[in-house]
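Colleague: I have some questions about this complex. Shall we take them in turn?

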Amino acid sequence: MSATRPRTLFDKIWDSHVVEQLPDGTCILYIDRHLVHEVTSPQAFEGLRMSGRRLRRPDCTIAVADHNIPTTDRRLGIKEEDSRIQVETLEKNVVEFGVPYIPIMDVRQGIVHIIGPELGISLPGTTIVCGDSHTSTHGALGALAFGIGTSEVEHVMATQTLLQRPAKNMKIEVTGTLGFGCSAKDIVLAIIGKITTAGGTGHVIEYTGDTIRALDMAGRFTISNMSIEAGARAGLIAPDQTTFDYVRGREFAPKGEAFEQAVAYWKTLPSDQGAHFDTVVTLTTAEIAPMITWGTTPGAVIPVTGVVPNPADEPDEAKRSQMQRMLEYMALQPGQNLQDVPVDVVFIGSCTNGRIEDIRAAAAVARGRKVADGVQALVVPGSGLVKQQAEQEGLDRILLEAGFEWREPCCSMCLGMNPDKLTPGQRCASTSNRNFEGRQGPNGRTHLLSPSMAAAAAVTGRLTDVRQLG
Amino acid sequence: MEPFTTLTAVAAPMPMQNIDTDKIIPARFLKTIKRSGLGIHLFDPLRFNKDGSEKPDFVLNQEPYRKAQVIIAHENFGCGSSREHAPWALLDFGIRCIIAPDFADIFYNNSFKNGILPIRLPRPVCDQLIEDAKLGGNARVTVDLERQVVVRPNGEEIHFDIDLFRKHSLLNGLDDIGQTLQHGASIDSFEAKRRQSQPWMPSTAA
Ligand code: SF4
């Protein structure tokens with residue numbers, strides 16, 4: 001491969017991690033960081049054990065339990081037996097295989113995609129994998145980060161590599177100044193609405209443009225996080241000063257001279273002028289309002305000021321029948337205005353929107369207001385460190401006074417593997433990333449939106465345009 | 001892993017887009033530390049009522065599709081989570097091949113690791129195969145991996161593409177880890193070079 005050909009950020013990370021290319025083009029790709037959690041790892045450890053293999057690089061691996069953990073008092077342990085067994089199995093496995101582990105009672109415990117960057121484990125220019133599709137989150141640092149299945153988890157454990165074929169390059173350029181009441185969540189929902197949930201299939205996305213450059217790291221993580229919802233395996237943002245300032249001083253990040261060496265390297269990573277992208281999509285902030293999903297796929301999204309689309313207007317039969325099914329499941333009508341639809345539950349948290357900036361945004365709306373009667377509003381920080389910082393800033397007090405519940409960090413109602421679930425028929429305004437049927441509990445109904453929109457729904461008791469709260 | 005060579009079987013028509021992994025196997029069934037036994041929960045929300053009784057109009061609850069080994073579906077099959085529980089549940093039920101216009105990337109990869117062959121064919125071809133499948137037990141479809149063809153009940157052969165490496169692994173039931181470990185020397189020397197070029201890379205072991 002010629003070094004003079006202009007390359008994308010993805011190409012550069014890819015090229016520097018190819019150990020060997022096999023005759024049919026499949027590559028053995030080196031993995032710098034392997035994040036492990038309790039749900040997708042037990043069968044992988046078991047596989048190693050059965051074949052008498054060891055973990056090749058425990059010093060590139062980190063494990064944490066996040067999906068099954070209760071959000072109430074941790075000292076009481078995990079009541080549900082199957083959840084407890086999964087966590088205990090992880091705890092046994094990390095000892096047996098010598099994997100660094102962040103225990104449940106450690107203040108640094110949290111959702112794997114929040115704590116990787118927060119602790120400086122996830123770094124620009126690296127390859128990062130985890131048995132979890134939202135590994136795409138870490139791409140916001142300018143890393144190639146993607147989710148893998150359990151067989152691949154075992155493959156990384158045994159070989160510190162994966163068998164991969166290069167993806168296509170997609171550029172998504174967002175330009176303009178974000179309007180009042182809009183956030184990174186609205187940008188990414190608008191993108192998915194535009195390119196559809198399969199729009200990124202086979203691609204790695206690079207997000208560019210002045211709107212993206214102006215975002216803080218929290219916003220960038222939100223966008224990369226949902227790349228998988230656009231069908232892409234990974235979503236990258238070129239590292240810049242915002243990135244370096246974020247990484248500097250974090251627990252596991254390089255320090256002193258080593259940090260300067262790292263930055264010098266990271267500065268070589270952004271896509272070259274004239275690098276080839278197979279697909280280019282552009283979006284202006286004029287197309288972005290506070291967004292909200294009406295269906296059971298993240299692509300079924302409209303601006304809060306819009307109305308629910310009518311399946312009768314859809315020419316493709318398969319799409320039309322899917323729309324009908326989604327409307328039935330969500331108990332909505334074509335042409336309906338989403339504002340004024342009452343909600344039962346509000347969930348603020350997840351690896352999409354569980355960072356300190358998200359909690360600040362929610363608290364700003366909650367301040368001096370009250371959660372509407374009959375609404376349960378949960379705030380679940382993404383990590384113990386986020387929770388600690390929020391408490392230092394007094395955000396917990398604001399939220400508690402407004403009637404929100406302030407919980408312990410984990411995935412919680414993002415997927416309902418712990419006791420936080422919707423009951424059948426309940427409607428939830430959620431800052432998470434998936435509105436699939438049953439995702440937050442069997443027959444629960446999910447509307448995806450931003451943290452400030454979620455807080456607005458909590459205080460009015462219905463889906464609301466946060467801009468009208470002033 | 002069980003090799004995949006040829007298969008002649010009943011195919012279940014599932015003309016739906018975006019069959020996501022939460023539909024294939026909801027999160028509450030992921031609390032297992034084993035790979036086996038997930039078939040009873042396959043497509044749980046589509047297959048069963050709240051009281052556990054079967055939904056009679058779901059295709060896999062009907063004869064002859066209870067024994068289907070092939071599924072034919074629409075776009076973006078397997079989107080969503082990376083959970084390998086999805087292919088484990090499909091395999092445990094007996095599914096060995098899925099035909100659709102396209103698949104979500106992670107699901108596509110995960111299938112191969114478990115001896116399930118995902119085949120991409122254009123939408124009109126899938127629609128044709130769905131019509132065939134609706135004819136039931138007398139209209140079996142044949143999948144021949146060596147020759148890379150799907151054979152319709154009327155004998156018409158349809159070619160499909162597949163990466164050579166994946167084809168070879170599937171035909172021989174080879175495990176990827178074993179194959180990669182044969183390249184152990186390359187991995188060693190790659191790591192040695194990286195220690196030189198990126199001495200700043202920290203360890204995750206505090
Ligand atoms: S917060 Fe939700 S999406 Fe993120 S890792 Fe947890 S379950 Fe997955």
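Modeller: Contact here means heavy atoms within 4.5 Å. Keep in mind that this is a predicted model.

Colleague: Which residues is A:T296 in contact with, leaving aside its neighbours within four places in sequence?
Modeller: A:T296 sits in the loop between β13 (291-293) and β14 (301-303) of chain A. It counts as buried because its relative accessibility is 5%, and the cut-off for buried is under 20%. Beyond its sequence neighbours, A:T296 is in contact with A:M326, A:Y329, A:M330, A:N435, A:F436 and A:E437.

Colleague: Which side chain does the side chain of A:H203 join in a polar contact of 2.9 Å?
Modeller: Among the residues in contact with A:H203 are A:N169, A:A232 and A:T279. The polar contact of 2.9 Å runs from the side chain of A:H203 to that of A:T279.

Colleague: How much area do chain B and chain A bury between them?
Modeller: The contact draws 80 residues from chain A and 61 residues from chain B. On chain B, 15% of the area buried against chain A comes from B:K31, B:W200 and B:T204, more than from any other three residues. Carbon and sulfur atoms carry 57% of the total, which is about 5,800 Å².

Colleague: How many salt bridges are there between chain B and chain A?
Modeller: A:R439 and B:D22 meet through their side chains in a salt bridge, at 3.4 Å from N to O. The salt bridge count between chain B and chain A is nine.

Colleague: Which element gives the most to the side of chain B that touches chain A?
Modeller: Elements giving two or more residues to that side include α1 (21-24), α3 (85-93) and α8 (184-197) of chain B. By class, that side has 21 nonpolar, 19 polar and 21 charged residues. With seven residues, the element that gives the most is α8(B).

Colleague: How many of the nine residues of α3(B) are buried?
Modeller: The buried residues of α3(B) are B:H85, B:A86, B:P87, B:W88, B:A89, B:L90 and B:F93. Just after α3(B), B:G94 takes a positive phi of about 120°. The helix is mostly covered, and its buried count is seven.

Colleague: Which residues have the most contacts inside the largest nonpolar core?
Modeller: In soluble globular proteins, nonpolar side chains tend to be buried together. The largest nonpolar core here has 112 residues. Apart from that core lies another, of 78 residues, A:I69 and B:I177 among them. In the largest core, the residues with the most contacts are A:F404 and B:F43.

Colleague: What share of the residues in chain B is buried?
Modeller: Chain B has eight helices and eight strands. Its C-alpha trace spans about 65 × 45 × 25 Å along the principal axes. Of contacts in chain B between residues at least 6 apart in sequence, 65% join residues at least 24 apart. Chain B has 206 residues, and the buried share is 61%.

Conventions. Residues are numbered from 1 along each chain as its sequence is written. Chains are lettered from A and ligands numbered from 1 in the order in which they are written. This is a predicted model: local features need pLDDT of at least 70, side-chain atom pairs count only at pLDDT 80 or more; totals for chains, interfaces and linings use all residues. Side-chain values use heavy atoms; hydrogens and water are left out. Buried area is the accessible area (1.4 Å probe) that two parts lose on being put together, summed over both. A salt bridge is a side-chain nitrogen of Lys or Arg within 4 Å of a carboxyl oxygen of Asp or Glu. Helices (H or I, at least four residues) and strands (E, at least two) are DSSP runs, numbered from the N terminus. Ala, Val, Leu, Ile, Met, Phe, Trp, Tyr, Cys and Pro count as nonpolar, Asp, Glu, Lys and Arg as charged, and the others, Gly among them, as polar. A polar contact is a pair of N or O atoms within 3.5 Å; within protein, one must be able to donate a hydrogen and the other to accept it, and residues adjacent in sequence count only if both atoms are side-chain atoms. Buried means under 20% relative accessible area, exposed over 50%, partly exposed in between (1.4 Å probe, protein chains only). A nonpolar core is a set of buried Ala, Val, Leu, Ile, Met, Phe, Trp, Tyr and Cys residues joined through side-chain atoms within 4.5 Å.
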